[in-house]
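Here is a short briefing for a first look at this model. Keep the sequence and the 3D view open as you read.

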Amino acid sequence: MPVRSGAEFIDGLRCAPREVWIAGRRVDDVAADPVFARPVQAVAMLYDLQTSSEHREAMTCRDAGGAEPYGAAFLTPRSQADLVKRRLAMKVWAEASFGMLGRSPDFLNTTLMAWNDSAEFFGQRGARFADNVRNYYKYCRERDLFATHAIVNPQTDRSKASHQHGDPFAHLGVVEKTKDGLIVRGAKMLATHGPTADELLVYPQPGIRDGDERHVLAFGIPCATKGLRFICREPFDDGTQSAWDHPLGARFEEPDAVCVFDDVLIPWDRVFLYGDVKMGNALFAQASIRNFTGHQTAVRGLAKCQLIAGIAVALTRAVKSDTFLHVQEQLGECLGYLQLIEAAIMLGEQKAEPTAGGAIRPAYAPLQALRYHLPKWYERMVQVTQTLAGGGLLVSPTEADLRSEIGPDIARYYKGANAGAEERIRTFKLAWDATGTQFGQRMLHYERYYAGDPVRVGASYYNDYDVAPLLAMVKRALAAG
Ligand SMILES: Cc1cc2nc3c(=O)[nH]c(=O)nc-3n(C[C@H](O)[C@H](O)[C@H](O)COP(=O)(O)OP(=O)(O)OC[C@H]3O[C@@H](n4cnc5c(N)ncnc54)[C@H](O)[C@@H]3O)c2cc1C
């Protein structure tokens with residue numbers, strides 16, 4: 001199958017009913033459900049871009065002699081030009097959602113590509129696991145599937161390892177090995193787009209302790225698998241929010257769900273890794289996951305930061321507060337972050353290094369630095385935007401007010417020096433939706449945590465960094481005295 005359109009993505013969901021629970025209801029057909037229809041449409045919009053005449057060239061590629069084109073996030077980069085190709089394709093999707101769709105399909109397509117290139121890592125416990133990874137990558141690429149992932153254990157008792165919990169399946173673990181595969185039971189938190197994706201990937205994060213062998217698992221299964229249940233958080237938009245009043249929240253909410261596995265069979269050909277604590281801890285670093293997803297998330301994060309910076313500029317210009325020096329200084333601070341993000345992306349590409357599998361990967365150091373700093377810069381940009389908006393952030397009426405008999409009052413008292421009332425209200429509403437509503441707060445919390453605990457991300461940056469040249473410099477400085 002060539003790359004999919006939005007309609008084909010939606011058809012795929014319809015053909016694969018899954019068990020989803022939201023606000024006390026069970027939903028099987030997410031594409032038809034009012035709560036999920038918009039998140040599904042948002043992803044369908046991305047798929048439509050890669051089949052559009054405007055973007056098809058940038059967003060797809062074809063192997064020499066390959067029959068069908070495939071999505072650029074599946075492209076294994078072998079040159080700088082390939083890295084640029086990947087970036088430009090990711091940029092189209094990132095900008096289409098203003099970076100609000102954190103888990104757009106290119107995120108995990110990128111992971112699958114990295115795994116395929118690192119198949120030998122999985123092969124350490126038997127060649128069949130390397131084959132499973134290669135075949136699964138091919139399977140997803142050929143069908144242009146949308147994968148989600150759930151890699152974190154639920155927050156039951158963080159002071160204990162998984163095997164120390166009273167309930168042996170509080171965290172997902174193997175119940176039994178059968179001739180057909182592994183039977184797994186327990187929960188994983190959390191899968192964004194779990195209810196609305198095609199495939200679910202589970203894999204281990206570093207920090208696994210000896211004794212947790214049963215809980216070390218990497219596999220990929222359809223979201224529509226018997227015994228797999230998605231329990232969603234309360235939705236922010238029940239499908240009726242006005243896009244005029246909530247320009248982002250009414251279009252780009254991503255469902256988040258805990259995944260419960262009720263004795264689910266993982267067929268052997270979908271098992272990539274199990275039972276090995278050492279390999280579970282090494283997966284992220286040795287399968288180039290951080291390098292490649294760091295590239296994708298930086299491109300997406302840049303689009304999101306560009307929107308926030310744009311909003312901050314627009315709202316201050318609307319009321320001419322951008323004429324004040326301290327306001328200009330804060331706007332300058334935000335605009336500077338955009339340059340730093342772009343610089344780290346470029347440096348990652350420029351310092352690309354070969355992988356053991358024969359690809360090249362963006363350099364870890366600049367992109368991992370960004371992974372730590374971008375959430376903090378984003379938080380700062382949100383703070384600046386809210387502060388510069390002042391009380392205007394919380395006085396915006398609705399479209400219904402504007403069109404009602406009090407419309408003339410609104411036209412008179414809500415206009416700005418540089419904007420009519422409607423434009424000013426909509427700009428401030430956009431600011432609130434991006435930073436303050438439930439949707440806006442999720443956007444902030446997403447940046448804080450989507451890539452793991454920032455404390456451990458920062459600490460591992462120190463632990464991984466080659467500080468020898470710095471210490472040599474210190475010695476040289478001391479020697480001078
Ligand atoms: C909006 C959103 C969307 C997400 N989407 C996905 C997704 O699609 N797929 C996915 O797999 N994950 C997703 N995540 C989850 C994300 O991976 C985790 O939130 C993240 O890894 C942090 O883990 P945690 O939430 O369990 O926090 P914890 O690890 O419980 O940390 C919470 C706090 O406790 C401290 N703490 C806890 N345990 C320790 C410890 N052992 N050592 C030191 N400090 C500790 C941390 O420093 C932190 O301050 C998402 C998260 C959010 C917020």
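The shell around the ligand takes at least three residues from domain 1 (6–283) and at least three from domain 2 (288–480). The model is predicted. The points below start at the ligand, then turn to the domains, the helix pairs and the backbone.

**Ligand shell**

- The ligand is surrounded by 20 residues.
- The closest are I151, R158, T192, Y446 and Y449.
- Three elements each supply at least two residues of this shell: β5 (147–149), β7 (181–192) and α16 (438–449).
- Helix α16 gives the most, with 4 residues.
- Sorted by class, the shell holds 9 nonpolar, 6 polar and 5 charged residues.

- Across the boundary, 36 residues of domain 1 are in contact with 34 residues of domain 2.
- On the side of domain 1 that touches domain 2, the elements giving two or more residues are α4 (80–96) and α5 (105–117).
- Helix α4 gives the most to that side of domain 1, with 8 residues.
- By class, that side of domain 1 has 14 nonpolar, 13 polar and 9 charged residues.

**Helix α4 against helix α10**

- The axes of α4 and α10 are 9 Å apart, and the two helices pack at an angle of about 40°.
- Helix α4 is therefore oblique to α10.
- The crossing of α4 past α10 is right-handed.
- From α4, the residues R87, M90, K91, A94 and E95 take part in the contact. They meet H295, Q296, V299, R300 and A303 in α10.
- This contact of α4 with α10 has 4 nonpolar, 2 polar and 4 charged residues.

**Helix α10 against helix α12**

- Helix α10 (residues 289–318) also pairs with helix α12 (residues 364–389): their axes come within 9 Å and cross at roughly 20°.
- Angles under 35 degrees count as roughly parallel, so α10 is roughly parallel to α12.
- Helix α10 passes α12 in a left-handed crossing.
- The contact of α10 with α12 is made of 18 nonpolar, 7 polar and 3 charged residues.

**Helix α1 against helix α2**

- Helix α1 (residues 6–14) packs with helix α2 (residues 34–51) at an angle of about 135°, and their axes are 7 Å apart.
- Angles over 145 degrees count as roughly antiparallel, so α1 and α2 are oblique to each other instead.
- G6, F9, I10 and L13 are the α1 residues in this contact. Their partners in α2 are V40, V43, A44, M45, Y47 and D48.
- The contact of α1 with α2 divides into 8 nonpolar residues, 1 polar and 1 charged.

**Backbone points to check**

- Most residues other than glycine have a negative phi, and most peptide bonds are trans.
- M189 and L190 are joined by a cis peptide bond, with omega about -15°.
- L190 lies in strand β7, and β7 supplies at least two residues of the ligand shell.
- D144 is a residue other than glycine with a positive phi, near 55°.
- D144 sits in the loop between α7 (127–143) and β5. Strand β5 also supplies at least two residues of the ligand shell.

Definitions and conventions: Residues numbered from 1 in each chain as written. Predicted model: local features only at pLDDT ≥ 70, side-chain atom pairs only at ≥ 80, totals over all residues. Near = placed C-beta within 6 Å. Nonpolar A, V, L, I, M, F, W, Y, C, P; charged D, E, K, R; others polar. Domains from an automatic or database assignment. Axes fitted to C-alpha atoms, helices over the stretch in contact; angles between N-to-C directions. Parallel < 35°, antiparallel > 145°, perpendicular 65-115°, else oblique. Left-handed = near helix turned anticlockwise from the far one by under 90°. Contact = placed C-beta atoms within 7 Å.
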